[in-house]
Amino acid sequence: MNEKTRHILKAVFFTIFIYSLLGGLYIVAVALIHPETLDIQLSHLTPWIREDTFGILSWIVSFWSFLIWNILREDK
């Protein structure tokens, strides 16, 4: 893998990590403030995903993107 591709992938996975981490933290805040809303749908545009499911998916994506970012960062 050349250096330019590695640089782009590092930026992409770090961005995914940050946004999914923020999504997970948002759901944690919702769980603390309004726990009764966790079983409703996240948005009228996404009736298939609930708030608690979004939180779980956010933490999973955050973990894997952070892991991949670190592997790319350390791999020289």
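Tutor: A helix here is a DSSP run of H or I, at least four residues long, and helices are numbered from the N terminus. With that in hand, take helix α1, residues 3–33. Keep in mind that this is a predicted model.

Start with the surface. A nonpolar patch is formed there by Phe14, Ile18, Tyr19, Leu22, Leu25, Val28, Leu32, Ile33 and Trp59. Together these side chains bring about 910 Å² of accessible area. Which element gives the most to the nonpolar patch? Helix α1 does, with eight residues. Isoleucine 18 sits in this helix. At a relative accessible area of 30%, isoleucine 18 is partly exposed.

Glutamate 3 forms a salt bridge with arginine 6. Their closest N and O atoms are 3.7 Å apart. Why can these two meet? Glutamate 3 and arginine 6 are three residues apart in helix α1, so about one helical turn separates them. An α-helix has 3.6 residues a turn, so residues three or four places apart point the same way. Side chains of opposite charge can pair when their charged atoms come close. The partners differ in cover. Glutamate 3 is exposed, at 53% relative accessibility. Arginine 6 is buried, with a relative accessible area of 9%; the cut-off for buried is under 20%.

The count of salt bridges comes to three. One of them joins arginine 50 to aspartate 52, with the closest N and O atoms 2.5 Å apart. Arginine 50 is partly exposed at 37%, and aspartate 52 is partly exposed at 23%. Another links arginine 73 with glutamate 74, at 3.6 Å between the closest N and O atoms. Arginine 73 is partly exposed, at 37%, whereas glutamate 74 counts as exposed, at 55%.

Among the elements covering the buried residues of α2 are α1, β1 (41–43) and β2 (46–50). The buried residues in α2 are Glu51, Gly55, Ser58, Ser62, Ser65, Trp69, Asn70 and Leu72. Helix α2 spans residues 51–74, which is 24 residues. Its reach from first C-alpha to last is 34 Å, close to the 34 Å expected at 1.5 Å a residue.

Terms used. Residues are numbered from 1 along each chain as its sequence is written. This is a predicted model: local features need pLDDT of at least 70, side-chain atom pairs count only at pLDDT 80 or more; totals for chains, interfaces and linings use all residues. Side-chain values use heavy atoms; hydrogens and water are left out. Patches are made of residues with over 30% relative accessible area and no salt bridge: like charges are joined within 9 Å, nonpolar side chains (Val, Leu, Ile, Met, Phe, Trp, Tyr) within 5 Å. Accessible areas come from the Shrake-Rupley method with a 1.4 Å probe; for residues, only the protein chains shown count as cover. A salt bridge is a side-chain nitrogen of Lys or Arg within 4 Å of a carboxyl oxygen of Asp or Glu. Helices (H or I, at least four residues) and strands (E, at least two) are DSSP runs, numbered from the N terminus. Buried means under 20% relative accessible area, exposed over 50%, partly exposed in between (1.4 Å probe, protein chains only). The expected span of a helix is 1.5 Å times one less than its number of residues. Contact means heavy atoms within 4.5 Å.
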